[in-house]
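Subject: Structure handover

Hello,

Here is the structure you will be working with. My notes on what was found in it follow below.

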Amino acid sequence: MDSTPFSHLRDDGQAHMVNVGAKPLQKRRAVAEGALVCAAETIEKLKAHALPKGDVLTVAQIAGIQAAKRTAELIPLCHPLALDAVDVAFTVEATRIVIRATVDITARTGVEMEALTAVSVAALTLYDMCKAVDKTMRIEGIRVVEKTKQ
């Protein structure tokens, strides 16, 4: 057994993928959240479907779902997982779009990286699709807000 306090490092400091084979299958859920902060005018254009790149929320939602499914390809030591469900939802406020991703699985490992990746890619997609009309945007507050297992 490794004595390093970091699960992805061996005693010699080399990175490795954690062996989760002995862990029991459990229902797991992770929820992550973040926001795209933008000008009020950008929100008004979004609500009026007047952004030049079209339906940005639908495209960002699909991007977030795809990203969750491909997390292991992006984060080197993440396990490839067969996700049970991914939901990406938006709350449009006066000067920001809150992004919330919920990922469910029955597996030996958690899905917080998948939820974080979904939020991150959805935020990047929103940024990309709105950048022509708003140069002041910023992505902030990406974090895990819930992690459960049964």
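Leu124 sits in helix 4. Helices here are DSSP runs of H or I with at least four residues, strands are runs of E with at least two, and both are numbered from the N terminus. Leu124 is exposed, at 51% relative accessible area. The classes are these: buried is under 20% relative accessible area, exposed is over 50%, and partly exposed is in between, with a 1.4 Å probe and protein chains only.

A word on the source. This is a predicted model, where local features need pLDDT of at least 70, side-chain atom pairs count only at pLDDT 80 or more, and totals for chains, interfaces and linings use all residues. Residues are numbered from 1 along each chain as its sequence is written, and side-chain values use heavy atoms, leaving out hydrogens and water.

**The nonpolar patch**

Leu124 belongs to a nonpolar surface patch with Tyr127, Ile139 and Ile142. Together they have about 310 Å² of accessible area. Helix 4 (112-130) and strand 4 (138-149) each give two or more residues to this patch. Patch residues have over 30% relative accessible area and no salt bridge; nonpolar side chains (Val, Leu, Ile, Met, Phe, Trp, Tyr) are joined within 5 Å, like charges within 9 Å. Areas come from the Shrake-Rupley method with a 1.4 Å probe, and for residues only the protein chains shown count as cover.

**The salt bridges**

Side chains of opposite charge can pair when their charged atoms come close. The rule used is a side-chain nitrogen of Lys or Arg within 4 Å of a carboxyl oxygen of Asp or Glu. By this rule there are nine salt bridges.

One of them joins Arg29 and Asp104, with the closest N and O atoms 2.7 Å apart. Arg29 is in strand 1 (residues 26-37) and Asp104 in strand 3 (residues 96-107), 75 residues apart. Arg29 is partly exposed at 34%. Asp104 is buried at 19%.

Glu33 meets Arg100 at 2.6 Å, N to O. That pair links strand 1 to strand 3, 67 residues apart. Glu33 also bridges to Arg143, at 3.2 Å between the closest N and O atoms. Glu33 lies in strand 1 and Arg143 in strand 4, so this pair ties together parts 110 residues apart in sequence.

Glu33 is buried, at 17% relative accessibility. Arg100 is partly exposed at 34%, and Arg143 is partly exposed at 39%.

Best wishes
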